[in-house]
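Student: Hi! Could we go through this protein model together? I'd like to start with the charged pairs and then look inside.

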Amino acid sequence: MFGCFWTNGQICSATSRLLVHERVAEAFLARLKSRAQQIRVLPPADPASRLGPLVCEQQYQKVVDHIRRAPGEGATLLCGGGRPRGLEDSGGFWVEPTVFVDVPEDSALWREEVFGPVLAVRTFATEAEAVALANASAYALGAAVLTADERRARAVAAQLEAGIVWINCSQPCFPQLPWGGAKRSGYGRELSPQGLANFQHVKAVVRYTAPDTWDWYSPPPAAKL
């Protein structure tokens, strides 16, 4: 919930693709739908608000286009997809918390960054399948593993191609830790000593101390008579 819907999904590290084990999928999705429909979508100044409008018309249109295309690409709408109740005729770029299930791997919703309150869900049968699906992405910034099995959490986290992996949480950031990704998520790191190093100009000074002359092209030894 927090990984996808916090800041309306408008965050570079949003965990907007969800992989659920097939054994728990039915019960999990029922609970997910209920929780998503309970999110309070209100103007940001309202203290009860937990989700506001998108930042601009251009981004709103991009998100709406993803929602409209998804069913034609094979995804099934679980909840949301429209404007929130009570805000149909109001100004602002409002989108309901939206969840699609059975999202095809080759669909735009699964492959592209949406930057909106839209969650794409697939199921998996094995750990290896889940890791392969997670890593089959052009982006590699953030990922999360949620499980009661500590050993499995660490094993999966080690295999995920991401700059940061959260275990049983999503999105907490600390200045002591490096921040950055790979693939199309960029190169280099911010924060932490690694991030500070990006702002340093490093100069190497090398002093030669060997007794031999430093000269690859020195003349050959004189011939003995």
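**A chat about the model**

Tutor: Happy to! Keep in mind that this is a predicted model.

Student: Okay. How many salt bridges does the count come to?

Tutor: The count comes to 5 salt bridges.

Student: And why do such pairs form?

Tutor: Side chains of opposite charge can pair when their charged atoms come close.

Student: Let's take R122. Which residue does R122 form a salt bridge with?

Tutor: R122 pairs with E105, and their closest N and O atoms are 3.8 Å apart. This pair links distant parts of the chain, 17 residues apart: R122 sits in strand β4 (residues 118-124), while E105 sits in the loop between β3 (98-101) and α4 (108-111).

Student: Is R122 buried or exposed?

Tutor: R122 has a relative accessible area of 19%. Buried means under 20%, so R122 counts as buried. E105, with 35%, is partly exposed.

Student: What about E150, which residue is its salt-bridge partner?

Tutor: That's R154, with the closest N and O atoms 2.9 Å apart.

Student: Where do E150 and R154 lie?

Tutor: Both are in helix α6 (residues 150-159). Because they are 4 residues apart there, about one helical turn separates E150 and R154. E150 has 40% relative accessibility and is partly exposed, whereas R154 has 56%. Exposed means over 50%, so R154 counts as exposed.

Student: Let's change topic and go inside. How many residues does the largest nonpolar core have?

Tutor: It has 17 residues. The ones with the most contacts inside this core are F5, L32, V41, V99, L119 and V121.

Student: Which helices and strands supply at least two residues each?

Tutor: Those are α1 (2-5), α2 (25-37), β3 and β4. Helix α2 gives the most to this core, with 4 residues.

Student: You mentioned V41. What does V41 touch?

Tutor: Leaving out residues up to four places away in sequence, V41 touches L51, P84, L87, W94 and P97.

Student: Okay, single residues now. Where is T15?

Tutor: T15 is in the loop between α1 and β1 (17-21). At 19% relative accessibility, T15 counts as buried.

Student: So what surrounds it? I mean, which residues does T15 touch?

Tutor: Setting aside residues up to four places away in sequence, T15 touches G3, C4, L119, G142, A143, A144, W166, S170 and Q171.

Student: Last topic: rings! How many aromatic pairs does a search of the whole structure find?

Tutor: The search finds 4 aromatic pairs. In one of them, F2 and W6 have ring centres 4.9 Å apart and planes at 15°, so that pair is stacked. F2 is partly exposed at 46%, and W6 is partly exposed at 37%.

Student: How are the rings of Y60 and F93 arranged?

Tutor: Their centres are 5.8 Å apart and their planes are at 40°, so this pair is tilted. Y60 lies in helix α3 (residues 57-69) and F93 in the loop between β2 (76-79) and β3, so the pair ties together parts 33 residues apart in sequence.

Student: Which of these two is buried, and which is partly exposed?

Tutor: Y60 is buried, at 18%, while F93 is partly exposed, at 27%.

Student: Thanks, that helps a lot!

Note on methods: Residues are numbered from 1 along each chain as its sequence is written. This is a predicted model: local features need pLDDT of at least 70, side-chain atom pairs count only at pLDDT 80 or more; totals for chains, interfaces and linings use all residues. Side-chain values use heavy atoms; hydrogens and water are left out. A salt bridge is a side-chain nitrogen of Lys or Arg within 4 Å of a carboxyl oxygen of Asp or Glu. Buried means under 20% relative accessible area, exposed over 50%, partly exposed in between (1.4 Å probe, protein chains only). A nonpolar core is a set of buried Ala, Val, Leu, Ile, Met, Phe, Trp, Tyr and Cys residues joined through side-chain atoms within 4.5 Å. Contact means heavy atoms within 4.5 Å. Rings of Phe, Tyr and Trp (its six-membered ring) pair if their centres lie within 6.5 Å; planes under 30 degrees apart count as stacked, over 60 as edge-to-face and the rest as tilted.
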